[in-house]
Amino acid sequence: MTVSTGEIPENDTKRSTPAPAWRVEIAGSQPFTCREDQTVLDAMRCAGLNPLAIGCRGGGCGVCRVRVQGGEYVARPMSTACVPPEEALNGLALACRIMPRGNLTMRAAPIDRCKTKARKVA
Ligand code: FES
């Protein structure tokens with residue numbers, strides 16, 4: 001598993017060709033496709049699947065937390081209350097903040113260590 005937490009543009013709209021897409025599998029759900037310019041949570045939603053809860057979609061509430069078990073991804077900034085840096089290096093991540101760089105396998109992770117509460121998104 002490889003994790004990169006470098007600066008990732010919020011909206012990469014300068015691409016002239018479609019972004020590469022990868023297979024994402026969340027334990028207990030059917031696989032779906034996620035482009036490199038799309039977060040795992042957005043791709044899951046577009047596929048009409050719901051193995052993960054959807055909250056703030058901005059890396060702050062922790063309801064979409066996952067444990068990535070295999071594959072490469074890049075991550076936008078995440079709440080350290082939900083994903084402590086040392087755990088981020090071991091594959092703990094927020095599905096609303098990660099974008100694949102290869103096929104991914106993951107499972108929903110308990111949010112017991114997250115100190116923030118989910119916010120309702122309008
Ligand atoms: S939906 Fe809130 S952190 Fe992902």
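Two strands pair if DSSP finds at least two bridges between them. Helices (H or I, at least four residues) and strands (E, at least two) are themselves DSSP runs, numbered from the N terminus.

## Basis of the report

This is a predicted model, in which local features need pLDDT of at least 70 and side-chain atom pairs count only at pLDDT 80 or more, while totals for chains, interfaces and linings use all residues. Residues are numbered from 1 along each chain as its sequence is written.

## Overall composition

The protein contains two helices and eight strands. Read from the N terminus, these elements follow the order β-β-β-α-β-β-α-β-β-β.

A residue is called buried if 20 or more other C-beta atoms lie within 10 Å of its own, exposed if 12 or fewer do, and partly exposed in between, with C-beta atoms placed from the backbone. Of the 122 residues in the protein, 34% are buried. Two residues are in contact if their C-beta atoms, placed from the backbone, lie within 7 Å. Among contacts with a separation of 6 or more, 64% join residues 24 or more positions apart.

An open sheet is formed by five strands in the order 3-2-8-4-6, with mixed pairing. Strand 3 (32-35) and strand 6 (92-94) are the edge strands, each pairing on one side only. From one strand to the next, the twist averages 40°; for such angles, axes are lines fitted to C-alpha atoms, for helices over the stretch in contact, and angles run from 0 to 180 degrees between N-to-C directions.

Strand 2 (residues 21-26) pairs with strand 3 in the antiparallel sense, over four bridges. Arginine 23 has threonine 33, in strand 3, as its bridge partner.

## The nonpolar core

A nonpolar core is a set of buried Ala, Val, Leu, Ile, Met, Phe, Trp, Tyr and Cys residues joined through C-beta atoms within 7 Å. The largest one has 30 residues, of which Ala93, Leu94 and Ala95 touch the most other members. Elements giving two or more residues to this core include strand 5 (72-75), strand 7 (98-100) and strand 8 (104-108). Helix 1 provides the largest share, four residues.

Apart from its neighbours within four places in sequence, alanine 95 is in contact with Thr39, Val40, Leu41, Met44, Leu52, Cys64 and Val66.

## Arginine 57

Arginine 57 is found in the loop between helix 1 (40-46) and strand 4 (65-70). Its phi is near 60°, a positive value in a residue other than glycine. Most residues other than glycine have a negative phi. Arginine 57 is partly exposed because 19 other C-beta atoms lie within 10 Å.
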